[in-house]
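Subject: The structure we talked about

Hi,

Here is the structure I promised to pass on.

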Amino acid sequence: MQGVFSQVAVMGSSGVLLCGLILLWRRGVAAYITAFTWQSVVLAALTAAVGYFGDDPQLYAVAALLLVIKAVAIPRLLRRVAQRFTVGREPAPYVNTGTSLVVSGLLVLLAHAAARPLEAIAEVPTRAGMPMAMGLLFISLFIIVSRKMAITQVIGFLMLENAIALLAVLATYGVPLIVELGVFLDALMGFLVMQIFLYDIHETFSTADVDVLKRLRH
Amino acid sequence: MFDTAGIAVEAGQALLALALAPALAGFIRWMKARMQNRRGAPFWQPYAELRKLFRKDMVVSRHASWIFHLAPFVIFGSTVVVSLLVPVLVTPLPFNAVADLFAVVYLLLLATVFLALAGLDTGSAFGGMGSSREMTIAAISEPAIALAILSLALAAGSTNLGEIAARTIARPSSAISPGHVLAFVALFIVMLAETGRLPVDNPSTHLELTMIHEAMILEYSGPYLALVEWASWLKLLVFLTLAGNLFVPWGLATSLAPSALAVAFLSTVLKLVVLAAAVAVLETRVAKLRLFRVPELLAVSFVLGLLAVASSFSVR
């Protein structure tokens, strides 16, 4: 049972991580949004699985919330934003695809090294998935700094949020429900604020390419 | 160890692989045709092609050197040797001592190198272009293969094919371990690149801008072409068998009892059909990648292999 639980945890967190990697390989905002949606679905499934194996019914509620907010509501809002700006293909990122894939592989290795002390003190059977969550954290940060379009950066930020949620679920079977609710609200609010920023950037510069923001200096 | 029954099964398994390879290629073509709303040729069409080619005369370019004549035999021979090493039906075989994953991969690479040499040999423009592309892809798929192999070997504690299959049979839970699954996906992507399947090379076209494999064998005709084509189908079969029998080894016979062999035969055919169907679906769904995006695809495979290796360290 413990063995299966551990395998499921690692499997699920690998799935979440892989959805993050799709962002580096595919081009086009629609594909990014789909990847984010699937990531949230896998994360919700993993949360429910941890709730089942760890015997913590509260996690079912968290999983349901995850599904509603991150797999349905936010992707829908994102699609609307993407449609509004009629953004098709993303301009070439600062780091090309091949290099960024290799960099992300190295980041995951780094995460394995960084998560080692965490794994050593954690007692839970889900601890083996923690390096993946850390890896996703690093990769989302990398996405945020290496992409030019504001909406991609927002998706990177949302993935960062997913990574933190994953880490919480794996390390401590989730934080108390009330904290989780606060975090969800924060994420949603943060996203809405960013959406307003996006609109403003678009209004002012008639593009969502953050490279153009350098003009602010003049 | 080297008993006659074992050797007979070994030889029988290689012959079986040889006999099944054209059917596999035909099956993929048939299935693709069906999914694209065409009737498609029956799956035994490749046998008819082989028979036709073996009967035909050959035309060899005046500029061809001995490499051109040697290459088909090296390509065919090395692929047949590989099919002797891969566990098609039974897992511990007389040749198991040399059935190493590295040996398998580099024997297949030997065939690729000779194919590329033959493409260059006659000095035709297409052949050279095909060879150059093939070598580019082979060079960048190497690290990805090595990593996928390494993660399998780490899980089993050995690069021996029989050992890996036996280890997975002994511990069924390891088959759903992330290292295993990621390595499977990584190897599948590399397999597509190595056997010239769709996102990398289009096996059913002679359009000069896109072809890789077809460009190299453009100068071949008659029995030589038959050998090269047969070898390429066999290579596909070997890769699919590796994917099926290393990652999902159940059904593989562990003794030489006839009933176990029958089960092994059925399960191997079933696995091949499933994997071939996956290839056919994939080839119907995706378009060919631009040549410049192929390194990115292989980088995906490389990263998956890296993740597989990393997670096989963290799980234990």
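**Two helices in chain B**

Let's start in chain B, where the axes of helix 7 (residues 178–194) and helix 9 (residues 222–247) come within 10 Å and cross at roughly 175°. Bear in mind as you look around that this is a predicted model.

So which way do those two run relative to each other, parallel or antiparallel? An angle over 145 degrees counts as roughly antiparallel, and therefore helix 7 of chain B and helix 9 of chain B are roughly antiparallel to each other. If you want to find where they touch, look on helix 7 of chain B for B:H180, B:F184, B:L187, B:F188, B:M191 and B:E194. Their partners on helix 9 of chain B are B:F239, B:A243 and B:F247. Sorted by class, that contact has 7 nonpolar residues, 1 polar and 1 charged.

**Chain B as a whole**

Zoom out and you'll see that chain B has 11 helices and 0 strands. A compact globule of 316 residues would have a radius of gyration near 20 Å, and chain B comes out at 19 Å, which agrees. Along the principal axes, its C-alpha atoms fill a box of roughly 55 × 45 × 40 Å. Of the 316 residues in chain B, 51% count as buried. Here's one about contacts: take those in chain B between residues at least 6 apart in sequence, and 79% of them join residues at least 24 apart.

**Helix 7 of chain A**

Now hop over to chain A. Helix 7 of chain A covers residues 177–205, and at 1.5 Å a residue its 29 residues should span 42 Å. The C-alpha atoms at its ends are 41 Å apart, which agrees.

Which residues of this helix are buried? They are A:E180, A:A187 and A:F191. What they pack against is helix 3 (58–84) and helix 6 (150–172) of chain A.

The pairing with helix 6 is worth a look. The axes of helix 6 of chain A and helix 7 of chain A come within 10 Å and cross at roughly 170°, and that makes the two roughly antiparallel. On helix 6 of chain A, the residues that meet helix 7 are A:A150, A:I151, A:V154, A:L158 and A:E161. Facing them from helix 7 of chain A are A:A187, A:F191, A:M194, A:L198 and A:I201. This contact divides into 9 nonpolar residues, no polar and 1 charged.

Is A:L23 buried or exposed? The cut-off for buried is 20 or more other C-beta atoms within 10 Å, and A:L23 has 24, so A:L23 is buried. Leaving aside neighbours within four places in sequence, A:L23 is in contact with A:Y32, A:A35, A:I143 and A:I155.

**Where the chains meet**

Last stop: 19 residues of chain A are in contact with 17 residues of chain B. On chain A's side, the elements that give two or more residues are helix 1 (2–25) and helix 4 (97–121). Helix 4 of chain A gives the most, with 9 residues. By class, chain A's side divides into 11 nonpolar, 8 polar and no charged residues.

Cheers

Technical notes: Residues are numbered from 1 along each chain as its sequence is written. Chains are lettered from A and ligands numbered from 1 in the order in which they are written. This is a predicted model: local features need pLDDT of at least 70, side-chain atom pairs count only at pLDDT 80 or more; totals for chains, interfaces and linings use all residues. Two residues are in contact if their C-beta atoms, placed from the backbone, lie within 7 Å. Helices (H or I, at least four residues) and strands (E, at least two) are DSSP runs, numbered from the N terminus. Ala, Val, Leu, Ile, Met, Phe, Trp, Tyr, Cys and Pro count as nonpolar, Asp, Glu, Lys and Arg as charged, and the others, Gly among them, as polar. The expected span of a helix is 1.5 Å times one less than its number of residues. A residue is buried if 20 or more other C-beta atoms lie within 10 Å of its own, exposed if 12 or fewer, and partly exposed in between; C-beta atoms are placed from the backbone. Axes are lines fitted to C-alpha atoms, for helices over the stretch in contact, and angles run from 0 to 180 degrees between N-to-C directions. Angles under 35 degrees count as roughly parallel, over 145 as roughly antiparallel, 65 to 115 as roughly perpendicular and the rest as oblique. The radius of gyration is taken over C-alpha atoms; the globule rule is 2.2 Å times the number of residues to the power 0.38.
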